[in-house]
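Hi,

Here is the structure I said I would pass on. Have a look at it first, and my notes follow below.

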Amino acid sequence: MNKKEDFHITWSTKDTKSLTEDFINHIYDKYYISYKKDSEYYEKINNRIFAIITLIGFLVTILFGIKEIFKNQINIYLNVTFTIVTFILPSISSLLLIYLTQKGYKQKEKSREEARIECKYLVNEARIRFSKNKDNPDELEKLYKWLNEQTRQLQLSQAKNYFAFHNKMDKVDIEK
């Protein structure tokens, strides 16, 4: 039997202290770690696409410079190739920027990073409260309910941010 199956079978036999401790660990393991991974994932996407966009801008500048410096020595086919490439690269850059904006990766990164920070605070606060009240079942029950409510609020906030952003994107699409 794995740990998850064991918990589903034994939760009703556990005391308030064990359940509260398990819940704090669950919030850390499932929520905090998930928010952290998502934040890092969206940050990587943002950084990579912006690096590509920057690189494209740099390449276009270099190509224009090479074309101008060697304008008397470039044959017509190479000249046409330079012209096509310097036209296509900024178009690709624009498409990447539109894609990045439409997908809302920056918004998602920000939202998940805020949730990570809030979740870390909740876990730390719960651990402190737990350590101070670990022998008081009534206080542990209050802690459990407090953490459950705070986590619910955090989840609702995440859902609201997600749908508010996507509804905004739908309005932009309609207005076009």
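Let me start with one residue. Leaving out anything up to four places away in sequence, Leu-143 touches Thr-20, Ile-24, Ala-126, Arg-129 and Phe-130, where a contact means heavy atoms within 4.5 Å.

Before I go on, a word on the ground rules. This is a predicted model, so local features need pLDDT of at least 70 and side-chain atom pairs count only at pLDDT 80 or more, while totals for chains, interfaces and linings use all residues. Residues are numbered from 1 along each chain as its sequence is written, and side-chain values use heavy atoms, with hydrogens and water left out.

Back to Leu-143. Together with Ile-24 and Leu-147, Leu-143 has the most contacts inside the largest nonpolar core, which has 16 residues. By nonpolar core I mean a set of buried Ala, Val, Leu, Ile, Met, Phe, Trp, Tyr and Cys residues joined through side-chain atoms within 4.5 Å. Buried is under 20% relative accessible area, exposed is over 50%, and partly exposed is in between (1.4 Å probe, protein chains only). At least two residues of this core come from each of α2 (16-69), α4 (105-133) and α5 (137-175), and α4 gives the largest share, six residues.

Now the overall fold. The protein has five helices and zero strands, in the pattern α-α-α-α-α along the sequence. Helices (H or I, at least four residues) and strands (E, at least two) are DSSP runs, numbered from the N terminus. Of the 176 residues, 24% count as buried. Among contacts with a separation of 6 or more, 78% are between residues 24 or more positions apart.

How do α2 and α3 pack? The axes of α2 and α3 (residues 76-103) are 9 Å apart, at an angle of about 160°, which makes the two helices roughly antiparallel. For the cut-offs, under 35 degrees is roughly parallel, over 145 roughly antiparallel, 65 to 115 roughly perpendicular, and the rest oblique. The axes are lines fitted to C-alpha atoms, for helices over the stretch in contact, with angles from 0 to 180 degrees between N-to-C directions. The crossing of α2 past α3 is left-handed, that is, the near helix is turned anticlockwise from the far one by less than a right angle.

α3 itself has 28 residues and reaches 41 Å from first C-alpha to last, close to the 40 Å expected at 1.5 Å a residue; the expected span is 1.5 Å times one less than the number of residues. Its buried residues are Phe-82, Thr-86, Leu-89, Ser-93 and Leu-100, and their cover includes α2 and α4.

The buried residues of α4 include Lys-108, Glu-109, Arg-116 and Phe-130. Ser-111, also in α4, is buried with a relative accessible area of 10%. Neighbours within four places aside, Ser-111 is in contact with Gln-158 and Asn-161.

Glu-40, in α2, is partly exposed at 35% relative accessible area; its C-alpha is 7.5 Å from that of Glu-109, 69 residues apart along the chain.

Cheers
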